[in-house]
Amino acid sequence: MTTNFNQTSLITNKELRKVFTRSCTLDAGWNYERQQNLMYCYMMIPVLKKLYKDDKEQMAAALQRHLEFMSCTPHIVSLLAGITAAMEEENAKDENFDASSISAVKTSLMGPMAGIGDSFFWGTLLTIAIGVGVSFAQQGSIIGPIAFLLIINIPGFLARFYCLKAGMRYGVKFFGDMSQSGIVENLTKAASILGLMVIGAMIASTVNITIPLEIGVSGASEPLQKYIDQIMPCLLPLLTFGIMYWLLGKNIKTTTILVFLIILSCICAFFGIL
């Protein structure tokens, strides 16, 4: 079918099929700086070409939006693609639409979606698939690898397909019918707050910096880290993040920052500072 998704939508099933197919390549261009951004942008290109084929500036801006940081479970990323596609269509139709809300919504949703998707597909379904596959393989049966591939891939492809349809339908209905009611602005604000909360939680849980030095008199010394934690837990990770953010604002390359951190960590570890 090549009919429109609905009577007023510019995006047809042809573009959606391309997005679905390209979603299978999400991790093919993974990089340490922005992770899945290259292939997510590749996913969105069929939609963007349809919406902005006569406006090169809008097309360039849209491509830049979707080259931002992306990290999501590949099996359900099509849900996010459907929602952002609907928002891009609204942006193409309405010159007063706030294009920055597309990035805000995408950034805020990718984290919770990845948490749910990773827990189900990588934490639960993969374990089941390995268990079933290994049990057959130990008996020398060819069913082992076949069962593994079917158990992990059939739900994955079904999720990609239905998530894309649900995302597009939800996005079209919500942003088409509610854009004039102020809900979009409230959602964008809430999404920004949620995104900041997720980033803060990630800093506290993934950045681990401690100072092993002790202060006090002999026999009654206490770790310096204990006093720092009493002042504010995770203070050192927060300060480190703040410095990295400031350096990025000075247009210093992430590779340069990464190399500097590695060298600094080695020096501090050698002298027992961190």
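**Asking how we know**

Biologist: Why is G200 called partly exposed?
Modeller: G200 has a relative accessible area of 35%. Buried would need under 20% and exposed over 50%, so a value in between is called partly exposed. Keep in mind that this is a predicted model.

Biologist: Let's zoom out. What does the secondary structure come to?
Modeller: There are ten helices and two strands. Starting at the N terminus, the order is α-α-α-α-α-α-α-β-β-α-α-α. Of the protein's 274 residues, 35% count as buried.

Biologist: Now helix 3. Which of its residues are buried?
Modeller: In helix 3, residues 56-65, the buried ones are M59, A62 and R65.

Biologist: How do you know that the buried residues line one face of helix 3?
Modeller: Look down the axis of helix 3: its buried residues fall within an arc of 120°, so they line one face. There's a handy rule behind this: an α-helix has 3.6 residues a turn, so residues three or four places apart point the same way. Over on the other side of helix 3, K56, E57 and Q64 are exposed.

Biologist: What do the buried residues of helix 3 pack against?
Modeller: They pack against helix 2 (37-52), helix 4 (77-93) and helix 5 (100-137).

Biologist: Why does R65 count as buried?
Modeller: Its relative accessibility is 9%. The cut-off for buried is under 20%, so R65 makes it. Leaving aside neighbours within four places in sequence, R65 is in contact with Y52, E88, N91, A99, I102, S103 and K106.

Biologist: What makes D55 and E57 a polar contact at the start of helix 3?
Modeller: A side-chain oxygen of D55 comes to within 3.2 Å of the backbone nitrogen of E57.

Biologist: What makes W30 and Y32 an edge-to-face pair?
Modeller: Their ring centres are 5.1 Å apart, and the planes make an angle of 85°. Pairing needs centres within 6.5 Å, and edge-to-face needs planes over 60 degrees apart, so the pair passes on both counts. By this rule the count comes to six aromatic pairs, and ring pairs also link F20, F161 and Y162 into a cluster.

Biologist: How do you know that the charged end of R22 sits over the ring of Y42?
Modeller: The charged end of R22 is 4.0 Å from the centre of the Y42 ring. Another case is R160, whose charged end sits over the F157 ring, 5.8 Å from its centre.

Biologist: What makes the phi of N251 stand out?
Modeller: It is positive, near 65°, in a residue other than glycine. Most residues other than glycine have a negative phi. N251 lies in the loop between helix 9 (235-249) and helix 10 (254-271), and with a relative accessible area of 71%, N251 is exposed. Q35 also has a positive phi, about 55°, without being a glycine. Q35 sits in the loop between helix 1 (13-22) and helix 2.

Notes. Residues are numbered from 1 along each chain as its sequence is written. This is a predicted model: local features need pLDDT of at least 70, side-chain atom pairs count only at pLDDT 80 or more; totals for chains, interfaces and linings use all residues. Side-chain values use heavy atoms; hydrogens and water are left out. Buried means under 20% relative accessible area, exposed over 50%, partly exposed in between (1.4 Å probe, protein chains only). Helices (H or I, at least four residues) and strands (E, at least two) are DSSP runs, numbered from the N terminus. The arc is that of the directions from the helix axis to the C-beta atoms. Contact means heavy atoms within 4.5 Å. A polar contact is a pair of N or O atoms within 3.5 Å; within protein, one must be able to donate a hydrogen and the other to accept it, and residues adjacent in sequence count only if both atoms are side-chain atoms. Rings of Phe, Tyr and Trp (its six-membered ring) pair if their centres lie within 6.5 Å; planes under 30 degrees apart count as stacked, over 60 as edge-to-face and the rest as tilted. A charge sits over a ring if NZ of Lys or CZ of Arg is within 6 Å of the ring centre and within 35 degrees of the ring normal.
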